[in-house]
Protein chains: 2
Amino acid sequence: MPMNRQILLDNRPQGEATADNFRLVTTETPALRDGQVLVRHHYLSLDPYMRGRMNEGKSYAQPQPLDQVMLGGTVGEVVESRHPKYAPGDKVQGMGGWQEYSVVDADQPGALRKVDTTHVPLSHYLGAVGMPGVTAWYGLVKIIAPKAGQTVVVSAASGAVGSAVGVLAKARGARAVGVAGGPDKCRYVTDELGFDACVDYKQHKDANSLSKALKEACPDGIDGYFENVGGMVLDAVMLRANAFARIAMCGMIAGYNGEPIPMAYPQLILTNRMRIEGFIVSEHMEVWPEALNELGVLVGTGKLRPRESVAQGLDAAPEAFLGLLKGRNFGKQLVKLV
Amino acid sequence: MPMNRQILLDNRPQGEATADNFRLVTTETPALRDGQVLVRHHYLSLDPYMRGRMNEGKSYAQPQPLDQVMLGGTVGEVVESRHPKYAPGDKVQGMGGWQEYSVVDADQPGALRKVDTTHVPLSHYLGAVGMPGVTAWYGLVKIIAPKAGQTVVVSAASGAVGSAVGVLAKARGARAVGVAGGPDKCRYVTDELGFDACVDYKQHKDANSLSKALKEACPDGIDGYFENVGGMVLDAVMLRANAFARIAMCGMIAGYNGEPIPMAYPQLILTNRMRIEGFIVSEHMEVWPEALNELGVLVGTGKLRPRESVAQGLDAAPEAFLGLLKGRNFGKQLVKLV
């Protein structure tokens with residue numbers, strides 16, 4: 001059996017996560033039992049939710065256990081199989097974690113899924129046509145539910161989730177406005193993804209200033225907001241919200257390090273009769289087929305052109321992850337292992 | 001025609017409202033035109049939302065115009081009528097405002113409603129069987145929608161809205177927990193209204209301390225919260241919220257003076273997949289008949305025993321209103337005019 005390099009959670013962050021929280025080890029992959037499949041990972045997905053799991057204590061996800069392989073989504077190829085439905089060469093998507101190989105009990109529900117790479121590149125099954133894409137779909141379609149002509153704002157707009165939110169909103173006749181960090185990301189959001197406007201939050205030092213920029217980008221106010229970051233952007237959006245605005249709360253990167261990030265104007269929820277709803281896509285498995293179908297078509301027809309930031313080799317995963325938390329990635333953050 | 005004493009909004013509050021914001025004037029009631037009714041007000045309703053309307057600028061309600069009679073709910077008796085459906089002696093509920101008499105265009109939708117005082121005292125049509133009661137009903141039934149066995153918390157629990165929320169929650173098999181100020185109010189909430197527990201927020205100087213008390217009162221966590229006050233109580237409740245908790249946001253007295261009252265832990269909306277929804281009962285007229293029917297039965301059968309704080313005479317209205325904003329009332333705040 002091949003040797004397998006793995007990254008474990010060595011210790012929990014005190015405040016900001018650092019490279020010292022991780023540890024690289026090498027082990028031998030165990031021999032397969034009946035029903036198991038050995039997968040060689042081609043790509044590893046890095047996602048903001050992983051930072052939440054590194055903390056101890058109450059959160060929506062179980063904490064990542066210490067001294068175990070960091071959990072995460074993977075795509076790869078079957079190299080050995082003792083399961084009748086899988087053969088060497090099959091391309092598969094799973095939750096293999098931060099390691100080069102995984103041994104999977106293929107009958108476990110949701111453990112492994114064959115994917116078709118005829119029209120969609122393998123890596124996109126970790127992004128636009130995977131968990132981040134379905135996350136965008138659920139928040140936009142089931143919570144924000146924009147009508148044609150309404151305005152939808154999304155933060156982290158150049159990211160794997162945000163880019164899909166805007167394209168899905170446009171497909172429903174809504175005005176899509178992104179918030180992103182820096183001119184390159186904003187240009188991608190408007191020119192390649194087709195958003196109507198994008199506001200560079202790095203040009204603004206407080207919520208009032210950002211809110212003025214949003215007023216220009218959203219002349220009819222804001223009807224829906226897809227929240228990926230928390231903090232100043234949320235406050236600025238709320239100041240421009242229309243009556244009956246909906247906020248889908250998907251991520252709050254700003255708060256992962258444990259410092260409290262208050263919402264400045266909760267009274268606007270009342271005065272604007274807003275609805276704010278937090279969700280986790282893994283609790284809504286019933287929407288996945290419909291969502292993946294629409295997302296696959298959008299990618300296949302070139303309407304959604306996902307960007308990827310690809311780090312090379314397992315050793316690069318911790319630094320790439322820390323960069324993601326600081327917004328240094330551009331599009332979906334991946335680690336290429338093959 | 002009788003002389004009519006009126007209280008006008010003289011100027012807008014700078015920070016806290018004061019008695020100087022109001023002005024008492026005396027005018028003659030105009031002669032009736034066809035279709036009009038002259039109503040002598042027996043009771044005038046004082047409600048927290050009025051403070052919001054005293055501010056200028058964007059809010060859910062139109063601002064109260066300067067130099068005009070303060071808007072507000074009234075119950076009274078028809079003393080003169082040029083409308084075929086109303087006769088002197090009829091008991092009616094309307095929006096007569098802070099004055100002793102009003103001239104009403106009786107055909108205007110929602111302007112006037114005859115009420116039956118056989119089983120329900122006239123004043124209760126301004127409280128439990130009126131706008132505050134329907135407010136409680138909408139937030140509890142349509143937003144919180146508690147299942148039997150779930151825990152519902154309500155702030156300002158001894159007030160007109162809060163008391164109805166708890167009794168409606170109990171009627172649905174939920175555990176009802178109040179938050180109120182002082183031992184007398186808490187005793188009324190548990191002993192007379194039948195709540196399962198009541199926490200005296202005045203015994204706690206911050207959200208953490210209040211949250212510990214809520215943990216004792218809500219051993220299975222909090223599934224629904226009816227928000228009447230904002231600030232520290234909201235933070236304390238959110239710290240005890242269960243997954244998929246719902247918050248009906250009805251009032252935020254704490255924020256009416258314009259000072260920002262941040263929500264300390266918005267990330268809990270995400271980690272607990274909460275839903276927070278602001279609403280105004282006047283935008284949901286379709287529920288009024290069903291709600292008033294249930295509330296009338298609860299009052300008529302003694303299951304909901306509303307308390308009233310009654311100020312005497314129109315002159316007393318401003319001070320009674322300022323006391324309401326500081327929580328000095330006990331139950332529904334009224335002004336008796338006859």
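Biologist: In the open sheet of 12 strands, which are the edge strands?
Modeller: Keep in mind that this is a predicted model. The strand order is β10(A)-β9(A)-β8(A)-β11(A)-β12(A)-β13(A)-β13(B)-β12(B)-β11(B)-β8(B)-β9(B)-β10(B), and the pairing is mixed. From one strand to the next the twist averages 15°. The strands that pair on one side only are β10 of chain A and β10 (197-200) of chain B.

Biologist: Where β13(A) joins β13(B), what stands opposite Glu277(A)?
Modeller: Strand β13 of chain A (residues 275-278) and β13(B) run antiparallel, joined by three bridges.

Biologist: How many residues of chain B are in contact with chain A, and which elements give two or more of them?
Modeller: On the chain A side, 26 residues take part, and chain B brings 26 as well. The chain B side splits into 16 nonpolar, seven polar and three charged residues. The elements giving two or more residues to it are α7 (267-271) and β13 (275-278) of chain B.

Biologist: Which hand does the unit of β9(A), α4 and β10(A) have?
Modeller: β9 (residues 175-180) and β10 (residues 197-200) of chain A pair in the parallel sense over four bridges. One of the bridge partners is Asp200(A), paired with Ala180(A). With helix α4 (residues 183-192) of chain A, the two strands make a β-α-β unit that is right-handed.

Biologist: And what is the bridge partner of Val152(A) in β11(A)?
Modeller: β8 (residues 151-155) and β11 (residues 222-227) of chain A run parallel, with three bridges between them. Val152(A) has as its partner Gly224(A).

Biologist: How are α2(A) and α8(A) oriented to each other?
Modeller: Helix α2 (residues 131-144) and helix α8 (residues 288-300) of chain A have axes 9 Å apart and an angle of about 105°. Their contact includes Trp137(A) of α2(A) and Trp288(A) of α8(A), and by class it has seven nonpolar, one polar and one charged residues. Angles of 65 to 115 degrees count as roughly perpendicular, so α2(A) and α8(A) are roughly perpendicular.

Notes. Residues are numbered from 1 along each chain as its sequence is written. Chains are lettered from A and ligands numbered from 1 in the order in which they are written. This is a predicted model: local features need pLDDT of at least 70, side-chain atom pairs count only at pLDDT 80 or more; totals for chains, interfaces and linings use all residues. Two strands pair if DSSP finds at least two bridges between them. A crossover is right-handed if, with the strands pointing away from the viewer, the path from the first strand over the helix to the second runs clockwise. Two residues are in contact if their C-beta atoms, placed from the backbone, lie within 7 Å. Ala, Val, Leu, Ile, Met, Phe, Trp, Tyr, Cys and Pro count as nonpolar, Asp, Glu, Lys and Arg as charged, and the others, Gly among them, as polar. Axes are lines fitted to C-alpha atoms, for helices over the stretch in contact, and angles run from 0 to 180 degrees between N-to-C directions. Angles under 35 degrees count as roughly parallel, over 145 as roughly antiparallel, 65 to 115 as roughly perpendicular and the rest as oblique.
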